[in-house]
Amino acid sequence: MPELPEVEALSVFLRDHAVGSVVGRIDVAALSALQTADPPITALQGRDITGSRRFGKFLTVDSGDLTMVTHLSRGGWLRWVDEPSPAPPKLGRGPLALRIHLFAPDATTPAIDLTEAGTRKRLAVWVVHDPRDVPGVARLGPDALDITVDDLAALLHGNTSRLKTVLVDQRVLAGIGNAYSDEILHTAQLSPFATAGRLTDDESAALHAAIRSVLTDAVARSVGQGAARLKAEKRSGLRVHARTGLPCPVCGDTVRQVEYTDRSFQYCPTCQTGGRILADRKLSRLLK
């Protein structure tokens, strides 16, 4: 799933490449992606693109008083196409969900493609006058890159959920997903199963510092990359996420995994849990 660094990089990419272009034809290949009907998606046609912003993991394409908001979900992505096919795509065929044809200031005619891999189609698009008209945006907590150490401690205070769960809850803190929460907890040397409200002041400060360092580094590595290279850039910077069975780059211990029904997370026992192996619910059920 694209998280804060990748969505921030995509927003910067759109500001650099799409602002000043005029929206041409819009091809909808997946009707399930459209979450609003008034204004219609076609209301963007003929308008100038004036900006792009990020709200947590939501991405916008701004056009004056209208904004297209998209959430790429788990399998979605944005692609920049220099020479798109002039033929409209077939409805419901392939990964393409939406194509926005552009008339660029340099007389080229590129396109913005929103695509989604897999069969579970969750990519979503809204056309609104204010991004906060999108329910998911309205519910977002403070942005992970903006929160202070004191505000973070206040958010965690009294929270009885596991720390991993809290970090990926967009209503608590916006922008962090499964991959970067693994990296943040590893950097802070905290257990994913720690109770959020029981962190000491030192642990809260370490968590805040890890959020800042991990996300800031990822944004720095991502911004300036072409949209097509961002996924590989993300993978290259990960130390524990998606590295089950490999040695921890800090201590050399084996990176372990906890697997749930449809997702998993990774951690280092030596760095994060005092050597304790966390219970894997899926594995435990298989062994019964």
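**Note on salt bridges in the predicted model**

1. Lysine 234 counts as buried, at 12% relative accessibility; buried means under 20% relative accessible area, exposed over 50%, and partly exposed in between, with a 1.4 Å probe and protein chains only. Glutamate 3 also counts as buried, at 2%.

2. This is a predicted model, in which local features need pLDDT of at least 70 and side-chain atom pairs count only at pLDDT 80 or more, while totals for chains, interfaces and linings use all residues. Residues are numbered from 1 along each chain as its sequence is written, and side-chain values use heavy atoms, with hydrogens and water left out.

3. A salt bridge here is a side-chain nitrogen of Lys or Arg within 4 Å of a carboxyl oxygen of Asp or Glu. The count by this rule is 13.

4. Lysine 234 and glutamate 3 form a salt bridge, at 3.4 Å from N to O. Lysine 234 is in helix α7 (residues 230-236) and glutamate 3 is in the segment before α1 (4-17), so the pair ties together parts 231 residues apart in sequence. Helices (H or I, at least four residues) are DSSP runs, numbered from the N terminus. Glu3, Glu6 and Lys234 are linked in a salt-bridge network.

5. Between aspartate 182 and lysine 164, the closest N and O atoms of the salt bridge are 2.6 Å apart. This pair links helix α5 (residues 178-188), which holds aspartate 182, with helix α4 (residues 163-167), which holds lysine 164; the two residues are 18 apart. Both aspartate 182 and lysine 164 are buried.

6. Aspartate 217 pairs with arginine 221 in a salt bridge, with the closest N and O atoms 3.0 Å apart. Both lie in helix α6 (residues 201-222), four residues apart, or about one turn of the helix. Aspartate 217 is partly exposed, at 42% relative accessible area.
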